[in-house]
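Student: I would like to go through this entry with you. Could we begin once the sequence and coordinates are on the screen?
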Amino acid sequence: LLNHACDPNVVRHSVGDAVVARAIRPIHAGEELVDNYGYHYAVMGREERHKSLQYQYFFTCTCPPCTYNWKKYSELTASDDISIPPNNPFEAAFKKVLNQEDYSDEVQSVFVDFLEFLDRNYAHKRPFKEYNDCQE
């Protein structure tokens, strides 16, 4: 069993008769593993999430996206507050994946490295488009 967050750190996948939880952002020692019950901040506004979670699960969410009323993904823009190194390997890897050219372990490791870089340096500025794109 996993608790809910509108910004989860794991996603669940069914594989045969097993359920696999995969990390979708860096998880720090002692941090709770949290899943999303179908009401994610990137696609639903806070009021809609609160209403749905209260109706279906009988609680009011107090995760960071709810507490700070994070913007939905469609409302995010590239951040002026972060400094992404120019010509970073993520840009080339992102284009390969978008064009469905490459899903290799090497390309995936670039995404993981970049997500760790963003998390290490800019997690306190979330949400921002670059983080969500890399995470997705």
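Student: Is Cys-66 buried or exposed?

Tutor: Cys-66 is buried, with a relative accessible area of 3%. Buried means under 20% relative accessible area, exposed means over 50%, and partly exposed lies in between, using a 1.4 Å probe and protein chains only. Please note that this is a predicted model, in which local features need pLDDT of at least 70 and side-chain atom pairs count only at pLDDT 80 or more, while totals for chains, interfaces and linings use all residues. Residues are numbered from 1 along each chain as its sequence is written, and side-chain values use heavy atoms, with hydrogens and water left out.

Student: Which cysteine sulfur is closest to that of Cys-66?

Tutor: The closest one is in Cys-6, at 3.6 Å, which is too far for a bond. Cys-6 is also counted as buried, at 0% relative accessibility.

Student: How many disulfides does the structure hold, then?

Tutor: The structure holds 0 disulfides. A disulfide is defined here as a pair of cysteine sulfur atoms within 2.5 Å.

Student: Changing topic, what is the order of the elements?

Tutor: From the N terminus on, the order is β-β-β-β-α-α-α-α-α, which comes to 5 helices and 4 strands. Both are DSSP runs numbered from the N terminus: helices are H or I with at least four residues, and strands are E with at least two.

Student: What about overall dimensions and burial?

Tutor: Along the principal axes, the C-alpha atoms fill a box of roughly 45 × 40 × 30 Å. Of the 136 residues, 36% are buried. Among contacts (heavy atoms within 4.5 Å) between residues at least 6 apart in sequence, 57% join residues at least 24 apart.

Student: At what angle do H3 and H4 cross?

Tutor: The axes of H3 (residues 89-98) and H4 (residues 105-122) cross at roughly 130° and come within 9 Å. Axes are lines fitted to C-alpha atoms, for helices over the stretch in contact, and angles run from 0 to 180 degrees between N-to-C directions. H3 and H4 are therefore oblique to each other: angles under 35 degrees count as roughly parallel, over 145 as roughly antiparallel, 65 to 115 as roughly perpendicular, and the rest as oblique.

Student: Which residues meet there?

Tutor: On the H3 side they are Pro-89, Phe-90, Ala-93, Phe-94, Lys-96 and Val-97, and these meet Val-107, Val-110, Phe-111 and Phe-114 in H4. By class, the contact of H3 with H4 has 9 nonpolar, no polar and 1 charged residues. In this scheme Ala, Val, Leu, Ile, Met, Phe, Trp, Tyr, Cys and Pro are nonpolar, Asp, Glu, Lys and Arg are charged, and the others, Gly among them, are polar.

Student: Now the backbone. Which peptide bond is cis?

Tutor: The bond from Arg-126 to Pro-127 is cis, with omega near 5°. Pro-127 sits in the loop between H4 and H5 (129-135).

Student: And what is the phi of Phe-58?

Tutor: Phe-58 has a positive phi of about 65°, although it is not a glycine. Phe-58 belongs to the loop between H1 (46-57) and H2 (64-67), and at 66% relative accessibility it counts as exposed. Asn-69, in the loop between H2 and H3, also has a positive phi, near 50°. At 40% relative accessibility, Asn-69 counts as partly exposed.
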